[in-house]
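Let's take a walk through a protein model together, starting with its rings and then moving on to a sheet. Keep the 3D view open as you read.

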Amino acid sequence: MLHSAKGLNGCVTAPHLAAALAGRDVLAAGGTAIEAMVAAAATIAVTYPHMNGIGGDGFWLIHRPGEAPVAISAAGRAAGLATPAWYAERGHTETMPTRGPLAALTVPATISGWAKALDLVPDARRLPLATLLQAAVGYARDGIVVTGNQADTTRAKLDGLKDVPGFAEVFLPRGAPPQAGDVLRQPALARTLETLASDGLDAFYRGAIAAAHGAFLEAAGSPLRSADFERFEAEIVEPLSVELSAGTLYNLPPPTQGVSALMILALFDRLKVAKPEGFDHLHGLIEATKQAFILRNAGLGDPDRMDPPATAWLAPDRLDALAGRIDPRTALPWPHVAKPGDTIWMGAADREGTVVSFIQSVFWEFGSGLTCPQTGVTFQNRGAGFSLQPGPNELGPYRRPFHTLNPALAHLKDGRVMAYGTMGGEGQPQTQAAVFSRYALYGEGLQMAVTAPRWLLGRTWGEATTTLKLEDRFPPPLIEALRAAGHEVEIIAPFSDAAGHAGALVRHPSGVLEGASDPRADGGAVAY
């Protein structure tokens, strides 16, 4: 029997236990779920550096009792110098660079997102920033124990990262990838976090930290400048939503792929599959994924350049038409272009009823790899998601690239509030669909819904093929039925990183808080 964490006072789930505990400690000190999430976000930026960092982006969905959900988009915009012509002068005319200074071209936005979220907490209630960042500072200064996941990732991606300025000095102690169990210290990052705690989060964009980053990035060859940091601010945006038989689902608007996550479940809901875990369940979700991804790949990008807007994709008649294209017995030929990425998802809830779904990322593992020696910040390579060709995702000054990131939230008809999400690039909407359908549509336990075997259509974290990947815990007859329907099946490890690092959190109408964490990661769910 798989048990979730349950409590009445607070709950946090994260893919690294230190982050969950940091959030729990803030809740125990009287903080809100929003403040707990800032503490967890800062901590996991230190303790899981291959998956995320303060040099990346972040997105929030916040439920507060009696109010409509609030979405925060901390999606970094491209440098003012970032144009196809600028990259052509440097030898890039077909595709964007993925590592090094030329890949570091969008402003790291997540800290501005933290600030926007904290603005929602009344001043009289707020804990000091030093309290929220205390755990992160300590782990950066005193050291973290390197996880097997970080050690394996560093070895696997070493060739593309080892020569990027600043990377080896921080992440290759003794000149080689760390081993699981080694201690990794990040003193420059500790000093940066201490400065943010004392001077405020805005110091990342309009202070000494921003000046240091501007000088470093320009010297390294990035198009980012101090002025790009100074003009940036995260935004409160209207979340997308869709009605299902179980309730209302919310996700982030473009440039995230949140609309894809909503479409998959809305299309599947229209198929009226009666029972979970069989052919109809998996085939239905996989085929719904294909319909959503075809539309996503053709038209999703900076919302200022999308026509029609993503809200039109969620119109009931449009969803009805797409659901009608799904063959209940035969797989649509695949693949289409995949969208890679590396990420963390976390959830938090407090006793007053606030529930937070949050995601933070540097895009690929360790992002661009470019690491500022003065601040310890590794810059994301989210700009690698831009296109150098005309279209909604074309590179241009201050534009936002396609984002795989999308934290999810649901208001179920019986009064439960569910926050859920995962890392995994192309796999994020698919894993969300697996977890939500198992729990909310078919009544499986929350931890079971996260732990149960998962699948991935296409290419994502660490994967090169575009097959339908199934963890090898699925029953052989189900695997053969999927093959017989035309799915190109590949069997992967029983608890594979390719299937994502998921988590989920539920607030019940009784006030009980429940959290689940993924055994595929190094985290946990804590409640009290």
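This is a predicted model: local features need pLDDT of at least 70, side-chain atom pairs count only at pLDDT 80 or more; totals for chains, interfaces and linings use all residues.

Searching the whole structure turns up 12 aromatic pairs.

Let's begin with one of them. F171 and F366 make an aromatic pair, with 4.9 Å from centre to centre and 50 degrees between the planes. How does this pair count: stacked, edge-to-face or tilted? Planes under 30 degrees apart count as stacked and those over 60 as edge-to-face, so the rest, this pair included, are tilted. Now look at where the two partners come from. F171 is in helix α8 (residues 167–171), while F366 is in the loop between β11 (355–363) and β12 (408–412). They are 195 residues apart, so this pair links distant parts of the chain.

Next, find F204 and Y205. This aromatic pair is edge-to-face, with 65 degrees between the planes and 5.1 Å centre to centre. Both F204 and Y205 are buried. They also belong to a cluster: ring pairs link F204, Y205, F229 and F232.

R296 has its charged end over the ring of F293, 3.8 Å from the ring's centre. Likewise, the charged end of R473 sits over the ring of F495, 3.8 Å from its centre.

Now for the sheet. Seven strands form an open sheet with antiparallel pairing, and their order is β1-β18-β17-β13-β12-β9-β8. Which strands sit at the edges? They are β1 (5–7) and β8 (240–243), each of which pairs on one side only. On average, neighbouring strands in this sheet are turned by 15 degrees against each other, direction ignored.

Zoom in on β9 (residues 247–251). This strand pairs with β12 in the antiparallel sense, over four bridges.

Technical notes: Residues are numbered from 1 along each chain as its sequence is written. Side-chain values use heavy atoms; hydrogens and water are left out. Rings of Phe, Tyr and Trp (its six-membered ring) pair if their centres lie within 6.5 Å; planes under 30 degrees apart count as stacked, over 60 as edge-to-face and the rest as tilted. Helices (H or I, at least four residues) and strands (E, at least two) are DSSP runs, numbered from the N terminus. Buried means under 20% relative accessible area, exposed over 50%, partly exposed in between (1.4 Å probe, protein chains only). A charge sits over a ring if NZ of Lys or CZ of Arg is within 6 Å of the ring centre and within 35 degrees of the ring normal. Two strands pair if DSSP finds at least two bridges between them. Axes are lines fitted to C-alpha atoms, for helices over the stretch in contact, and angles run from 0 to 180 degrees between N-to-C directions.
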